[in-house]
Each structure stands twice: as C-alpha cells, then as structure tokens.
Amino acid sequence: MKTIGVLTSGGDAPGMNAAIRAVVRTGAYNDMRTLGIIRGFNGLIHDEIQELDISAVGDILHRGGTILKTARSEEFKTEAGMQKAMEIIKKYGIEGIVVIGGDGSFRGARDLSRLGVPTIGLPGTIDNDIACTDYTIGFSTAINTVIDAINKLRDTASSHDRISIVEVMGRNAGDIALYSGIAGGAESIIVPELPFETDEICRRIIQGRNRGKQHSIIVLAEGVVLNKEISGTIELGKEIEAKTGLEVKVTILGHIQRGGSPTAFDRILASRMGARAVELLKQGIGNRVVGIRNNHIVDVEVEEALTMKRSFNQDLYRLAQILSM
C-alpha cells in the first residue's frame, strides 16, 4: 500500500490533529503517501483532497480542532453519494483510509470497507461513548475544560452561598459528567445511565447546609431525561430552588468543551492510535476500529465496535456519592 487517505468526521475533538500527524508521519516512515480529505465524507464526495507531507503536519500537535475540518454528510449515505466517493478514491489511487470520528463516522468506514476500500476507524469524540475503547480521543481534554469551569463556578457559588448546576456535554453518555464531577468535587452527579430523584438531591444539599456547607455543585449530563414537570436544566434549577429555599444558578457549558489544546493524555493516545491505523493498512488490513483497553492499543472489526454495548462505571459513581457526603 503506497497511498492512503485520512479524514475527520462528525463532531471535532481535541487530539484529532495529533492523530492526523501520527498517520502522516507513520505513513512517511513506511514510504506511504498520505492525502488529506477535507470536511470528512462530504469532502470525499466533492473532491476536496490535498497532499499532506511531514511539514504539513508540523506544529499541529498542540492545536485543538482539526486542520482537515469536519462535516456531516447525508449525501454520502446514498448510493449515488457512495458512487461519487468511489470515483474520487480511484482518481487519486487511494488504497486505504483512516477515519477519525464517532460511531456515525465508523458506519461510513464500514460502508467503504464493504466496497473494497480498507478502512480503519479511530475513536475521536469527547463523549467517550465508543464501547470498544476505554477512552476516546478528546475525552481527557473535555474533562479538564469542565473541571476548570467548575473551579471558577465554585468560587462565585461560595461567595454568594448558592447552588450551581453545571450542564455538560456527552450526548447519551454520562462519562464527562461522572469524571469531571468526581474531579471537581460535585455534591451531586446526574447521568443518563442511572435514575435520579430531585428530592434526594435536595436532601443532600440541605444535609450539607446543616453541617455548615454554604454552597453546592451539581453536574448534569445533557442526555439526562427529566420528568414531565421538568423540561430542562433551568426548570430543574427552579424546582431545587423551590424545595430548598436556596438560590440556584445554571451554567450550560456547551461547545467550549470541544475546544482547547489537547492534554498530554489525548496527544499520546491519538499518536498511538494513528500509528496503529497505518500499521494495519500497511498489512492490507481494513474494516477495523482502533481502541485502548487496559493501556494496550487494540483493534476490533467495525461491525463489532458498532454493536458492542457500552458499560457505565457504576463503581466510580458509587465512589462519587461516598466522597460527596
């Protein structure tokens, strides 16, 4: 294999550039030419291709976002779109592709593999919702961004003796809320994977007040389904305020969690995964997703990666409850 492509798809995540760099430089080490596909599968369809040499990926290791840009493509899912993509692949002599993104990106990788293009998926998403890997590229950085926000919110919450609810991202996964909640010392963590009761949260707040604690932090994952009476985080804040008699402020962090310079962990993880992807393609192996388990880089079939059931760390959640007494 002499010519490979690399693209980023779906939501951006810190560390994607480190993965791109690893693909290009590992490819060069193995006498491979790497073509960057701009704006994901949409760019593949519309012939947005540029060559990436060693210099092109210099000075990007520390940068957030993705130099290849990213987009979602409904057209790629159609038969006509797939045909356009295959024409571009043949035009540039691309023999294998590395796809960096989430589960939607992996479905695209699977479709290309079925058409005979060896494709390797790298889990790039802050949500940490890919079951075949312990950690996804960008998750560590997102947690640190949230912790920084919690630290600042705690300062103002303690100054005003108030409760602060922090809504974090994660789609339908609660890992960002869980990990940042523990590291940020939150009194309550609300995640989609487990039920919660507003009365119990209020009880913990009042219990803390009775022993002299004047402020509280609640971390809420965006994917939590609230009840009929509560349609969103702001409404939840109003209910807690009514039941406790304490002032509640809501902060929705939003896309700030996707930005920023990647942590050392994300840079190293992305580098290891990018190198493994090229090593697999060098052997002519495709239709795989790379992950990390117990600090070992592994790879599984794309279909297996898409059908594996993700587990939530309930032991860590119980620890959070103990430590937030």
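**View 1. A salt bridge between E74 and K77.** E74 and K77 are joined by a salt bridge, with their closest N and O atoms 3.3 Å apart. The term salt bridge is used here for a side-chain nitrogen of Lys or Arg within 4 Å of a carboxyl oxygen of Asp or Glu. E74 counts as exposed because its relative accessibility is 58%, and K77 counts as exposed at 60%. Exposed means over 50% relative accessible area, buried under 20%, and partly exposed in between (1.4 Å probe, protein chains only). By the salt-bridge rule, the count comes to 25. This is a predicted model, in which local features need pLDDT of at least 70 and side-chain atom pairs count only at pLDDT 80 or more, while totals for chains, interfaces and linings use all residues. Residues are numbered from 1 along each chain as its sequence is written, and side-chain values use heavy atoms, with hydrogens and water left out.

**View 2. The two domains of the protein chain.** Domain 1 covers 3–138 + 262–307, and domain 2 covers 141–258; these bounds come from an automatic or database domain assignment. The contact takes 14 residues from domain 1 and 12 residues from domain 2, where contact means heavy atoms within 4.5 Å. Taken over C-alpha atoms, the domain centres are 35 Å apart. About 1100 Å² is buried between domain 1 and domain 2, 46% of it on carbon and sulfur atoms. Buried area is the accessible area (1.4 Å probe) that two parts lose on being put together, summed over both.

View 3. R171 forms a salt bridge with D103, the closest N and O atoms being 3.4 Å apart. The side chain of R171 also meets that of D127 in a salt bridge, at 3.8 Å from N to O. Side chains of opposite charge can pair when their charged atoms come close. Between domain 1 and domain 2 the count is 4 salt bridges.

**View 4. Cysteines C132 and C202.** C132 counts as buried because its relative accessibility is 1%. C202 also counts as buried, at 4% relative accessibility. A disulfide is a covalent bond between the sulfur atoms of two cysteines. With a disulfide taken as a pair of cysteine sulfur atoms within 2.5 Å, a search of the whole structure finds 0 disulfides.
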